[in-house]
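Colleague: Hi! Could you walk me through this model? I'm new to reading structures.

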Amino acid sequence: MAERRTVVLYPHLGPKAGTGHIKRLLPFFSDVRFKVYVIHRNPKFVKEISNKFDIDSERVFPLSEIKTIPDNIDLIVLDNRESDRYLYDKLKNVAPIVAIDEGGDSRKLIPYTIDILPNLLDSRPNYNNIGLLDLNIKEPIDRELKNILISFGGQDPYQLTRKAVDALKDKYSVTTVIGPLFTKKDFGVNKIENLSNLKNIFSNYDLVITSFGLTAYEAAAEGVPVALVNPTQYHQDLSNKAGFYTLDNKFNINYKKAKKLFNNIEFGIKESLTDFIYNLEVSSLGCPICGRKNNSSIQRFKNRTYYHCFHCSVDYMAAHQKDVTYSNNYFFEDYKEQYGKTYLEDFDHISNLGLGRINNILKKVKTESTLLDIGCAYGPFLKAAESKGLTPYGLDVSKDAVDYINNELDLKAINSPFPLSKPLDFNSSFDCITMWYVIEHFKNIDDVLTQVNNLLNSGGVFAFSTPNSAGISSKKSHNNFLKNSPDDHFTIWSPKSAKKVLKEYGFKVYKVKMTGHHPNRFGRYVKGKFLHRLFMIISHVFKLGDTFEIYCIKETTI
Ligand SMILES: [Zn+2]
């Protein structure tokens, strides 16, 4: 059997909340892959609801007692409409959070967001799909308008049932759905009470009148034309966006129009919400440098979320998928796919690039210095360092690469991840430490920079290269820049943020070299030698390279 996951559900409940939010979470209870708890700020109200929806009261906890839940919680699922920062702060250290149709202040803070129903918010979720309602779409019915079903949810906080009945009862056969929390239980027409699933009865009617939300989609899926009455302008705007037919406040029905508009409604790709959430990988790690968890997301994709740390000024990524492992493919097939040749075929070119880097390092240390290249791959930079008189050592997670260095290049390298878990046997400290396009691959920068500081002699040089979040590609479209950023780049730096962070770890920057200048990234107007040259100058002057190298000196031991 599949591994069981413990989820804590937080449904939206309250005086005007309706029952739709708790209802769509009910499938978690019947799914054996989950052990389910419910929490809420108002435990009395939850217990009341738990009786109505037949939820074991031992699985219902007040928010203040979330720590007494007798299981390790894997995930918190918020279906709470608008969650404030207070609630987020209460939950953020308990377990990773997934929010459904979240429209509150915590929308930008929550690790993973799913929008099932359309909304008008300006920030995109990680994933949106109406198909998560998991509806079976049926052919539209084609009948005369006689029987109308009126359903304004479990509660009808805006008393729309009464208004609709009064307007329509003389002209049509009207049936009302009486929700469990209705204050008035009889409207003098046909009524349906205590029905847990409306789905099965929609097709008995020629028209369903409801507000924008779950019921509207459920009825439409059953092939029944829908007319919406919206209590607020917000609901109205959503109805228009989703393409539903809406009634005016006099309840005049244009049945032909209702039937016609009904064909435009999008239902998304059918998908099970419990399956989707079961397979989701969500972590609640904060900034990989300072650890803060209150940073807002800047962009979301289905498999990753980007945040900007206001303290460190670095962008960072939370991945929602299993870790990338660096197999030999990384240096062969994957590399070839990206650069057109394998890493080894590119060896001399990379080694030559290394010579310029060594020159920048030798501005601050003596020629016979020791150097540790972290993430050295097959050793082209070690080769360059050796040719300039330094004593280079390599470190890499790829065993094949390390074997190649030890056997073919006759240089010293060790197969180990970084940060190190035990001291290196060949040397305990170094005059130079380098990382060429490596720092962005670490999930925990704090550990990395602390260990670099500890391994580096005072006055020694630390240098690295990485993509530039302030380069031309990012300036043209930060959204596209993030979209194209690889799945295994966990931090995105700029020279400015690097300077700031390095200072906190005892380093002082003495050189930044902008690299990755590509005139074609300025647009398709850069043709001809003169313009090409001009744009290269602009790119250098305004530090618009898509990558950069940064060189610093260790000033203090931390
Ligand atoms: Zn930070």
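Colleague: Thanks! What sort of model is this, and how are the residues numbered?

Modeller: This is a predicted model, where local features need pLDDT of at least 70 and side-chain atom pairs count only at pLDDT 80 or more, while totals for chains, interfaces and linings use all residues. Residues are numbered from 1 along each chain as its sequence is written, and side-chain values use heavy atoms, with hydrogens and water left out.

Colleague: How many helices and strands does the chain have?

Modeller: There are 19 helices and 24 strands. The C-alpha trace spans about 95 × 60 × 40 Å along its principal axes.

Colleague: And what share of the residues is buried?

Modeller: Buried residues are 53% of the 558 in the chain. Buried means under 20% relative accessible area, exposed means over 50%, and partly exposed is in between, using a 1.4 Å probe and protein chains only.

Colleague: Now the metal. Which residues are the protein donors of the zinc ion?

Modeller: The zinc ion has Cys287 (SG), Cys290 (SG), Cys309 (SG) and Cys312 (SG) as its protein donors, at 2.3 to 2.4 Å. A donor is an N, O or S atom within 2.8 Å of the metal (3.2 Å for Na, K and Ca); water is not among the atoms, so sites may look incomplete. Along the chain, the donors follow the spacing C-x2-C-x18-C-x2-C.

Colleague: Where do Cys290 and Cys309 sit?

Modeller: This pair links distant parts of the chain, 19 residues apart. Cys290 is in the loop between helix H9 (273–278) and strand S14 (297–301), and Cys309 is in the loop between strand S15 (304–308) and strand S16 (315–319).

Colleague: Is Cys309 buried or exposed?

Modeller: Cys309 counts as buried because its relative accessible area is 0%. Cys290, at 28%, is partly exposed.

Colleague: What is the geometry of the zinc site?

Modeller: The site is tetrahedral, with angles of 104 to 114° among the four donor atoms. Four donors count as tetrahedral if all angles lie between 85 and 135 degrees; four count as square planar and six as octahedral if opposite donors are over 155 degrees apart and all others between 65 and 115, and anything else is irregular. The ideal angle for four tetrahedral donors is 109.5 degrees.

Colleague: With those cysteines around, how many disulfides are there?

Modeller: The count is zero disulfides, where a disulfide is a pair of cysteine sulfur atoms within 2.5 Å.

Colleague: What about Phe310? Where is that one?

Modeller: Phe310 lies in the loop between S15 and S16. Phe310 counts as exposed because its relative accessibility is 63%. From Phe310 to Tyr343 is 33 residues in sequence and 37 Å in space, C-alpha to C-alpha.

Colleague: New topic: how many cavities of 30 Å³ or more are there?

Modeller: The search of the whole structure finds three. On a 1 Å grid over the protein atoms alone, a cavity is a set of points where a 1.4 Å probe fits but cannot get out, and lining residues have an atom within 4 Å of a point. Grid points are joined across faces, edges and corners, and a volume is the space filled by probe spheres set on the points.

Colleague: What is the volume of the largest cavity?

Modeller: The largest cavity has about 120 Å³. It has 15 lining residues, and those closest to its centre are Tyr88, Pro111, Ser284, Leu285 and Lys293.

Colleague: And which residues line the second largest cavity?

Modeller: Its lining is Val226, Gly243, Phe244, Tyr245, Ala258, Leu261, Phe262 and Ile265, around a space of about 30 Å³.

Colleague: Last one: where is Phe251, and what is its phi?

Modeller: Phe251 is in the loop between strand S13 (245–246) and helix H8 (255–261). Its phi is near 60°, a positive value in a residue other than glycine. Phe251 counts as buried because its relative accessibility is 7%.

Definitions and conventions: 1 Å grid on protein atoms, 1.4 Å probe; cavity = no way out; pocket = protein on both sides within 12 Å on 5 of 7 lines; lining within 4 Å. Helix = DSSP H or I, 4+ residues; strand = E, 2+ residues; numbered from the N terminus.
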